[in-house]
Amino acid sequence: MRRWAILCAVALTAAAGCGGGGPAGSGSGKLSDGKVVFGVLNDQSGVYAQLSGKNSVEAVEMAMADYKAKYGDKAVVKELAVESVDHQNKPDIANAKAAELYDRKAVDAILDVPTSSAALKVADVAKEKKKLYFNITAATTDLTGKACNKYTFHYAYDTYMLANGTGKTVTDQGAKNWYLVYPDYQFGQDMTASFEAAIKKAGGSVVAKDPAPFPNASGDFSTYLLKAPSLTPKPHVLGTMQAGAELVALVKQYNEFKLREKGVGLAVGLMFLTDIHSLTPDALAGTTYTDAWYWNYDLKSREFADRFQKETGTRPTFAHAANYSAAMQYLEAVQATGTDNADEIVKYLEGRTVEDVFLRNGKIRAEDHRVVHDAYLAQVKPSKEVAEPWDYVKVLKTIPAAEAFRAPSADCKL
Amino acid sequence: MLDIENLSASYGEAQVLRGVSMSAGKGEVVTLCGRNGAGKTTLLRCVMGLLPYTGRVSLDGNDLARKASYQRARLGVGWVPDDRGTYATLTVAESLSLRVSKDGWPLQRVYDAFPNLYARRASAATKLSGGEQQMLALARVLRMGSRLMLCDEPTEGLSPLLVEQVGAILRQAKEHGVTVLLVEQNLHFAATVADKYYLLAEGEVRPTTPDDKELLTYLGV
Amino acid sequence: MAQHIFNGLVGGSFLALVALGLAVIFGMLRVVNFAHGAIYMLGAFLALSMPSFWWALILVPLVLAAGGMVLERTLVHRLAKLDPLYNFLLTFGLTLIFQDLVKWRFGVQSTPYPTPGGLTGSVDFGAFDFPAYRVFVLAMAALICFGVWFLLSRTRVGLIVRASTERPELTQALGINVGRWVTPVFGFGCALAGLAGVLAAPMRAVHPLMGADLIIVVFAVVVIGGLGSIFGSVAAAFVIGVLQALSEAYLDSALVSQILVYLVMAVVLLWRPSGLFGREESPA
């Protein structure tokens, strides 16, 4: 039996996954001579694969096609390519793959990179290799704080934006007492800190906060849901920082325990369109959250969404739109400067105001490379109000770009 | 009844048996002597079909080569293993009902012969004393109505009284025409039941007698 | 407190059903079926394609039992005589294949599954009320565990399975065709995992990796209970379920809840290397 116990222990370790980092490539980047290569580094098989994943590669290809169509013979970039790599949300894999993309695949700009810990590793690689990096799907404010660097741009959203939008607004609406549940890792901790700050600033208070195991192997959050109504003072709202499949499980169980009926509302820290689709809008009806972009916001976004659906068969999340936008803005910069030299591109982008399908009132801050733009306070509709597939959300309010993001951090020295 | 011809078998890398031939007639008790590690248990396991071998093992003239061990058991080969083969998850009564044959002893007869087993019929078999476990192993085979009993050191570690009881059972079986292949170190005990003797040494067997000088020297008696 | 213990028992129910199947299969085949988690996941996804939850509860275990038996006959069986590592690798590979097939068919996002009608309400226990569906899950798990106990301890089939599980070679030598029971037992274990999957669909996120996450905890549970010990696995599952719920409810750090099961496993292995209810394997 002892032997089997050992075998099982080995199995556990193997399954828990200790991704081995490959060797990081060496050598300095060489000019890619009129050819621009994008590297989409993201989760293509795990929990974040649906909200971004392979469809973000499609979005980047759409930007490439649009660039060619727009400039035709005048295009500076004659040859365009995209490389995509699955980083499995593991920082060491992200680190090794980013180096490989820059060095061996001659990638000019890395895009996407969900999972904060992986995103920060890639920022270090970008800095070392002096190559561009547009982070789309990671939430940590450290990318524009202590970990910021000259070649890294944080494009779509961050924990401050989410907390400031949802935490502040829901508290303002009268839900003063909060119970926060968060996954116990960097993202969840950052989110909780940001939410607490936003809630207190708006005059509310956090009754209790509970870190939940991450990853949560059983997919069960019922302990916290049982606890919520019995806390004193009774919380008005349960704020969950879980994401992806964990969010789906938690919301299912929130409904199962009938917390809404017991007077405990639900606020979600980070939610993507694909999460609502998984849960069905009824499971989330009335839930407020902050969105970086919504596909059915206006005609311009809708037109993009229609084309995206033709390519992928599904509606875009904000991550897809932001990947498109980042690729497009990079190509515009190359077109304008006539070079793919990273330092030249950075100089061109810094401080620029930009307007496109994703960036509304957008500005690329020179101080910390935070890309600021309008954000939206959104509410999930009940299914009877859903007029067409995927149109799950009603935009309650636009949060102006200037208010949506935090002021440049003193920690950031580019 | 049992005929073994030119049987060879290996245990891991080592060849343990080299061309063993021996036979046992109906109702005979045949004792197999040999030092520890000589291959006696290996020989019994080959007959039971639990180890691969070359050569021929036949029962009443029928070659058993293609028979799995459960088929050999059903043909009348009963195994009383050296560790007594006690189940922890089965009670005594359950151990006695694993497989029964109409030719075998009825349960009541077993309980009459072994009152201790009756008293502890609802206990886990591993809770029994060593002697009781040995009785259980024998009784299990009697229930199956085996015609050939392969007994691997059934008296080891038993008190003289229990050794006598084992002897009585073997003699009783023999009277009913059961053949016994007995692996035994205790020559005094063997002398009370055996009809003939073989010595297994260096992978080969030869017939012997209990007063064979060479045998006694070999066994260090 | 009472509600957290009750809730822990519900969590333990899933562990118990999956662990039970794993333990039965390990006992009989000496195969650590890594694919067991994937079968739990398949159970949940198959439930999606059934006309109703109630049909799924009956049909999915049957389908998976049949599938499991085919798997045993065609693949697992062939490696049975080799080092256990081969079957471990095989079932690990099967896990990846099942996961990718499901990803390909359903995508990686979670798929919605409603609470079955009639079980959407709550049950009032006085001090607390509890979702009716969870009460149902606990009752089902208790019923199944009791049923398996009855089958194993009170029927002839159970007698043979217990004997074969404990000492396959000896049982074979006592005239039982152990091989004949291997395939049905493998199928039965798969059916239990599938049933757990169906039960999970309405209350947990249905996604391709749901089993991969669970199986690791279940392995630990089986080791704690004692490999091959059926009673031990079930007992350990419920104990772990309750400890998990209590640690989440009363401790401020998620770290303890996160590593709880491994902590218990380490302590148990140091104290009793063969698990709480396991036995040292006796030499053949």
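Let's start where chain C meets chain B: 15 residues of chain C are in contact with 19 residues of chain B. Contact here means that the C-beta atoms of two residues, placed from the backbone, lie within 7 Å. On the chain C side, α6 (156–166) and α7 (168–173) of chain C each give two or more residues. Helices are DSSP runs of H or I with at least four residues, strands are runs of E with at least two, and both are numbered from the N terminus. By class, that side of chain C has six nonpolar, four polar and five charged residues. Nonpolar covers Ala, Val, Leu, Ile, Met, Phe, Trp, Tyr, Cys and Pro; charged covers Asp, Glu, Lys and Arg; the others, Gly among them, are polar.

Some ground rules. This is a predicted model, where local features need pLDDT of at least 70 and side-chain atom pairs count only at pLDDT 80 or more, while totals for chains, interfaces and linings use all residues. Residues are numbered from 1 along each chain as its sequence is written, and chains are lettered from A and ligands numbered from 1 in the order in which they are written.

Now chains A and C. Of the two pairs of chains that touch, this one has the most contacts. Here 40 residues of chain A are in contact with 46 residues of chain C. Which element gives the most to the chain A side? That is α1(A), with nine residues. Among the others supplying at least two are β7 (205–212) and α8 (244–256) of chain A. The chain A side divides into 21 nonpolar, 12 polar and seven charged residues. Chains A and B do not touch; their nearest C-alpha atoms are 15 Å apart.

Next, chain A itself. It has 14 helices and 15 strands. Its C-alpha atoms fill a box of roughly 65 × 65 × 45 Å along the principal axes. A compact globule of 414 residues would have a radius of gyration near 22 Å; chain A has 21 Å, which agrees. That radius is taken over C-alpha atoms, and the globule rule is 2.2 Å times the number of residues to the power 0.38. Of those 414 residues, 58% count as buried. Buried means 20 or more other C-beta atoms within 10 Å of the residue's own, all placed from the backbone.

Chain A is divided into domain 1 (35–157 + 297–373) and domain 2 (160–291 + 376–404). Those bounds come from an automatic or database domain assignment. The domain centres, taken over C-alpha atoms, are 28 Å apart. The contact takes 20 residues from domain 1 and 18 residues from domain 2. On the domain 1 side, α4 (116–129), α12 (318–337) and β12 (362–364) of chain A each supply at least two residues.

Last, one helix in chain C: α3, residues 53–79. Its 27 residues should span 39 Å at 1.5 Å a residue; the end C-alpha atoms are 36 Å apart, which agrees. The expected span is 1.5 Å times one less than the number of residues. α3(C) bends by about 45° at Glu72(C). The bend is the angle between axes fitted to the seven residues ending there and the seven starting there. Glu72(C) is also one of the buried residues of α3(C), as are Leu71(C) and Val76(C). What covers the buried residues of α3(C) includes α2 (36–48), α4 (84–106) and α8 (178–200) of chain C.

Notes:
A residue is buried if 20 or more other C-beta atoms lie within 10 Å of its own, exposed if 12 or fewer, and partly exposed in between; C-beta atoms are placed from the backbone.
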